Each structure stands twice: as C-alpha cells, then as structure tokens.
Amino acid sequence: MKWFKRLKKRRILFFLLVVFFLFFFLFRSKDYTKEYMVSQVFVQETFDKKLKWYSFRFQVEDKEFFVSFPSSYQYKKKLVRHIEVYKEDDTICIVPEGAFSYSPLCIQKGEPISFYLLTNKEILPESYFKEIKSEEKTFGNIKIYHLNHRKYFLWNYRGFYVIDEKGEQEISLFSNDVYNVPLLFPVDNYLLLADYESSYIFHKFYVLHTKTNKVKELSLEHEMSFDSYFLGTYQKKAYLVDKKNKMEYEISPKRLLVNKMTNNQQGKILVNGEWESTSMIQLVNAEKKFTMNLPITYSIEENTLYQIINGYKIRISNQNVKDIVASDGVLVYYLVGDQLYYYSPLEGEVLVLANFEWNFNYKNMIFVF
C-alpha cells in the first residue's frame with residue numbers, strides 16, 4: 001500500500017506541475033497585436049511587454065485615431081467593446097468603451113485635436129466636459145489654483161517653495177541668490193542640487209527627499225566642475241558629464257553614492273532605452289540626452305503644444321506655450337506666460353499655479369512630484 005500512496009502523490013505532483021506550466025505559458029505577459037471590428041470601426045490593439053503600454057489605432061472611413069495607456073498585462077484580448085461615432089460637417093469624433101477610461105478622440109478640419117478645442121462642442125454630450133473647481137489663494141508671490149493632488153517644488157533663488165494640498169512651506173539652502181541652477185535635477189523621489197555656494201568647482205550635492213522635505217548632503221571624493229550637465233536618469237540614478245574633467249558619473253541620491261562611469265576615455269549613454277558606449281569627446285563636445293522609446297511624448301512647435309502617439313500629432317492647446325515643465329506620459333505640465341497648466345485627456349487644460357517671476361526666469365525652476 002505504501003508504494004501505491006507514493007505513486008498517487010507523484011501523479012498528483014506531476015499533474016500540478018503540468019497545470020502550473022500550462023497556466024504560465026498561456027497567461028504570461030507577452031507582446032501582441034490584435035485586429036478586429038467594433039461598431040463598424042476597425043481596431044488595432046497592441047501591447048508592449050517591455051514598456052507595459054497598450055496602444056489602440058482606430059479607423060473610421062479614411063480617418064485614423066490613436067490612444068495609448070500605461071497598464072500591466074491583461075489576459076483578455078479585444079479590450080474595446082463598443083465605439084460611439086459622432087459626425088458633423090468637418091468634424092468627426094469617436095468614443096471607445098472598454099477596459100480603459102477613454103476620452104473622445106476628434107478630428108476637425110483634417111487635424112487631430114483635443115475634444116476640448118472643438119469649435120462645435122455641442123457635437124458631444126455635455127457629460128464629457130469636466131468642470132474643474134479651483135479656489136484661488138496666494139503663498140508669497142505664488143497664486144495657487146488647482147494642485148491636482150501633486151506636490152510642487154519651486155526654486156526661489158535661495159531654496160524652494162513647497163506647495164501641496166497639505167499646505168505650503170519654504171526650504172532654505174543658500175545665503176545668496178542663485179538665479180540659474182542647471183545642476184538641479186529630479187531623480188525618482190529626490191531633487192539633486194549642486195552646491196552653488198561654491199565657485200567654478202564644487203565638492204558636494206544637496207539631496208532633497210521630496211516626500212519628507214528632508215535635505216542631506218552627498219560629499220564627493222573628487223571635485224566636479226560647474227561646467228557639467230545631466231544626461232538623464234535611469235533606474236533611480238542620475239548620470240552627469242563633467243565637461244571640464246572629461247568624466248561621466250552615476251549618482252544614486254537614495255544611497256548617497258557616486259560612481260565613475262568613464263573607462264579608457266569611454267562613457268555610456270542610453271539610446272532608445274539601450275546602453276551604448278561612446279567617447280567622452282562626444283559627450284563633452286555636445287550636450288547629449290538619454291532617449292527612450294515612449295508611446296506618448298509632447299512637443300512644442302511654433303508655440304503650439306502637441307501630444308505625439310507613435311508619430312501621430314494631436315493639438316492639445318490653443319495657447320502660446322513656451323516651455324514643457326514635466327510629463328509622465330499621461331499628464332503634461334507646461335508654461336503659458338507666467339502660468340503653469342497641466343493637460344489631461346479626460347480633464348483638458350487646467351490652470352495650476354501662477355508666478356509673475358516666471359515671465360523672466362523659469363528654466364529648471366519648477367518640479368512636479
């Protein structure tokens with residue numbers, strides 16, 4: 001009987017292993033593209049495993065519409081269940097329904113635009129147009145309108161104003177005004193700032209934890225030149241090129257560590273999300289930046305702000321936009337004159353803050369977490 005029980009246990013174990021591997025191979029995350037029809041609209045549905053993004057292309061007659069969402073893998077395919085189509089003269093809008101929160105996608109006079117920019121908004125039901133409530137208040141010279149549950153760090157020449165829905169405070173770092181801070185850089189939940197009370201060279205960074213507002217110092221074993229620039233950030237680390245000393249550094253604000261990246265006069269750079277070796281001469285002679293393959297980006301062309309999805313441009317503002325401040329792919333923060341706005345596909349264009357000083361000085365002075 002003992003041998004029979006052992007055999008039975010082995011069969012059960014074998015069965016469980018087979019079920020496990022079947023489940024793993026059938027339901028594991030994987031790239032895919034699926035094409036299908038919904039409400040007489042062609043749908044192309046794509047998932048990018050590496051980026052964890054879903055992208056959709058819709059075609060109505062000869063018009064194409066694009067939208068993309070960050071999301072973990074969903075085992076079910078054909079995530080669009082229904083599509084409502086609205087037409088009037090030179091305007092066509094579609095509203096998909098399904099696994100994601102879709103906003104209307106519109107083309108007017110042949111141009112893809114945010115549905116908030118339609119000249120004939122009555123083509124769509126009123127329920128799609130969100131009304132954002134804001135109450136204006138002031139903190140110093142800052143006007144506060146709608147914070148969108150975010151935290152804002154605003155450089156005030158000696159430190160930061162910190163503004164969120166819990167209140168406002170000031171963090172002082174320097175005794176003298178510093179008007180330009182190119183070596184101020186966001187990394188994950190930190191702000192990394194060179195010691196601008198030094199001249200020409202510096203020996204430490206200030207590391208500001210944006211969740212606690214606490215500041216620590218990161219001491220350097222080797223001096224760095226203010227003739228430096230940041231290449232970008234990757235996996236919660238910043239990468240800096242010291243042009244004067246022809247060195248590249250990897251900086252971890254969380255661990256307060258700095259490592260040399262340069263080896264035999266060679267450095268590294270991220271190109272479309274992949275590491276490539278490059279000479280320090282190239283990194284010194286041209287201020288390069290990391291590039292990533294992102295489904296959604298934003299650009300300013302002739303002071304007009306566009307959302308770009310896989311090369312497809314959508315105009316999202318009619319205002320005279322002078323600078324993009326921050327973006328997480330879905331939201332974008334930008335400056336119009338001395339006013340900071342954000343754009344959301346569901347909410348449209350929303351006024352956040354205003355500061356008269358931003359008419360004159362605004363580069364690298366506003367950080368959103």
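Cys-93 and Cys-106 are both buried (under 20% relative accessible area, with exposed meaning over 50% and partly exposed in between; 1.4 Å probe, protein chains only). The model is a predicted one, in which local features need pLDDT of at least 70 and side-chain atom pairs count only at pLDDT 80 or more, while totals for chains, interfaces and linings use all residues. Residues are numbered from 1 along each chain as its sequence is written, and side-chain values use heavy atoms, with hydrogens and water left out.

**First stop: the disulfide.** Select Cys-93 and Cys-106, which a disulfide joins at an S to S distance of 2.1 Å (a disulfide being a pair of cysteine sulfur atoms within 2.5 Å). The structure holds one disulfide. The link of Cys-93 and Cys-106 is right-handed, with 115 degrees about the S-S bond. Cys-93 belongs to strand 6 (residues 91–98) and Cys-106 to strand 7, so the pair ties together parts that are 13 residues apart in sequence. Strands (E, at least two residues) and helices (H or I, at least four) are DSSP runs numbered from the N terminus.

**Second stop: the second largest pocket.** Display next the second largest pocket, whose volume is about 410 Å³. On a 1 Å grid over the protein atoms alone, a pocket is an open set of points with protein on both sides within 12 Å along at least five of seven lines, whereas a cavity is a set where a 1.4 Å probe fits but cannot get out; lining residues have an atom within 4 Å of a point. Grid points are joined across faces, edges and corners, and a volume is the space filled by probe spheres set on the points.

The lining of this pocket comprises 27 residues, of which Val-67, Phe-69, Ser-103, Gln-307 and Pro-345 lie nearest its centre. Elements giving two or more residues to the lining include strand 4 (63–70), strand 7 (105–108) and strand 25 (304–309). Strand 4 gives the most, with five residues.

Select Tyr-298 in strand 24 (residues 296–301). Tyr-298 counts as buried because its relative accessibility is 12%. Its side chain makes a polar contact with the side chain of Gln-307 at 3.1 Å and reaches the backbone oxygen of Gly-329 at 3.0 Å. A polar contact is a pair of N or O atoms within 3.5 Å; within protein, one must be able to donate a hydrogen and the other to accept it, and residues adjacent in sequence count only if both atoms are side-chain atoms.
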